[in-house]
Amino acid sequence: MITETEVADFEDWGDAVQKAVGVLQAGGLVALPTETVYGLGADALNPEAVAKVFEVKERPHFDPLIVHLSSVKDLSTVAVVPEEIKEVVEALAKEFWPGPFTMVLPKTDAVPDLVTSGLPTVAVRVSAHEVMQDVIKELGSPIAAPSANRFGRISPTSAAAVQEELDGRIPLIIDGGASREGLESTIISVKMGEKRPEMTILRPGPVSKEALQKFGKVFKYKPASAKNSPEAPGQLPSHYAPRTPLYLFERPEDFKPEPGKRYALLSYRGMEKDGYLDLHEWETIGCLSSGTGKLAEGAVRFFYMLRYMDSLGVDAIIAEPISETGLGVAMMDRLRRASVQDS
Ligand code: TXA
Ligand code: MG
């Protein structure tokens, strides 16, 4: 299969939208831009199209997909919001949609079981990318879209990165520019507590815990076991992984280089005082946000840098920790899951 890339002109993306809709209507897959990362889109209400997503990504069937709407108005086609959480769900939607935010809610019968891996719930998001919104509107159906990478690999934040991941496997990539958030959406589940709504962060992302606290109590998801289990979808410990082994050392002194091996450093700010720069004769030093360190810049560059460091052909990538506030939480989550784990 030849993979074509169609650039969505930032002043008039109508042609690109039409092309994408044509493929989706015929049950095909299209890689689409969103503000977080590129998604591998299928008509969410067409089970055969959705099945192709799992095939192309080599994704296990127990890992459910996110369903994208063009507007919160369509929420009732895919989700049934229980009465007791209606108010908080509406408030959250108003605050964070369109945006990098996903809610897990009870699903309607319209959503094929394949999308949710048989779960009674569906993950829903309204993306802020106008091209994505228009494709959904024109298609007249929600779009199921996981990140457009092969399973377990680095999420793509540009059309070129999608090409690297899925060339020859899909007919069309819509190039809508670099993803401006750079990290996947925050995923939460919501229920009513004794007094206030309770939210559990299933995956940290651009919408921080602090931003959610205004709406109720916020919990961090703790998997019952580190092993892959159906009740912990999306929480697979090994994920976002470069081919080059990546090690995250919380303290510089934990790094013990092996003689003759070539190491690259993934640094947050590239500052000597962080203690990693002078630790070794690094093959390369890549900075997420050089200088004072800006979390938003680091997030935008995060997957791009991982991909770049992975292309160097070094023996290992050594990652410096990032302080865990705001977007730092999401980046550390990705680094931990990208790193080599002893288990
Ligand atoms: O920003 C994003 O969320 C991007 C863009 C493309 O929208 N999408 C994305 O999808 O990151 P994906 O498939 O790479 O990750 C979605 C995660 C999955 O790991 C899945 O396990 C979790 O969402 N998920 C989906 N449905 C769920 C459900 N019903 N309950 C719990 N988790 C769910
Ligand atoms: Mg993914």
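Me: Which backbone nitrogen lies 2.9 Å from a polar atom of the side chain of Asp310?
Reply: That of Arg243. Bear in mind that this is a predicted model.

Me: Where is Asp310 placed?
Reply: Asp310 sits in helix H9, which covers residues 295–310.

Me: Is Asp310 buried or exposed?
Reply: Buried. Its relative accessibility is 13%, and buried means under 20%.

Me: Which residues is Asp310 in contact with, leaving aside neighbours within four places in sequence?
Reply: Arg153, Ile154, Pro242, Arg243, Thr244 and Ile317. Arg243 is also the residue whose backbone nitrogen lies 2.9 Å from a polar atom of the Asp310 side chain.

Me: Take Ile154 from that list. Where does Ile154 lie?
Reply: Ile154 is in a loop. The loop runs between strand S7 (143–144) and helix H7 (159–166).

Me: Why does Ile154 count as buried?
Reply: Because its relative accessible area is 1%, and the cut-off for buried is under 20%.

Me: What is Ile154 in contact with, beyond neighbours within four places in sequence?
Reply: The list includes Asn149, Glu165, Tyr240, Ala241 and Pro242. Phe303, Leu306, Arg307 and Asp310 are on it too. Pro242 is also in contact with Asp310.

Me: How many Å separate the C-alpha atoms of Ile154 and Ile174?
Reply: 19 Å. Along the chain, Ile154 and Ile174 are 20 residues apart.

Me: Does S5 run parallel or antiparallel to strand S9?
Reply: Parallel, with four bridges joining S5 to S9 (residues 186–192). In one of the pairs, Met103 has Ile188 of S9 as its bridge partner.

Me: And in which sense do S5 and strand S6 pair?
Reply: Antiparallel, over five bridges. S6 covers residues 121–126. Thr102 stands opposite Arg125 in S6.

Me: Now helix H6. Which residues are buried there?
Reply: Val131, Met132, Gln133, Val135, Ile136 and Leu139. H6 covers residues 130–139.

Me: What covers the buried residues of H6?
Reply: The cover includes helix H1 (14–25) and strands S2, S3 (39–43) and S4 (66–69). S7 and strand S8 (172–175) also belong to it.

Me: Which residue follows H6?
Reply: Gly140. Its phi is positive, near 75°.

Me: Last one. What pLDDT does the chain average?
Reply: 95, and 95% of the residues score at least 70. Confidence is highest in strand S2 (residues 30–32), at 99. It is lowest in strand S11 (residues 217–220), at a mean of 95.

Methods. Residues numbered from 1 in each chain as written. Chains lettered and ligands numbered in written order. Predicted model: local features only at pLDDT ≥ 70, side-chain atom pairs only at ≥ 80, totals over all residues. Heavy atoms only, no water. Helix = DSSP H or I, 4+ residues; strand = E, 2+ residues; numbered from the N terminus. Buried < 20%, exposed > 50% of the residue type's maximum accessible area, 1.4 Å probe, protein only. Polar contact = N/O pair within 3.5 Å; in protein donor to acceptor, adjacent residues only side chain to side chain. Contact = heavy atoms within 4.5 Å. Pairing = 2+ DSSP bridges. pLDDT = per-residue confidence, 0-100.
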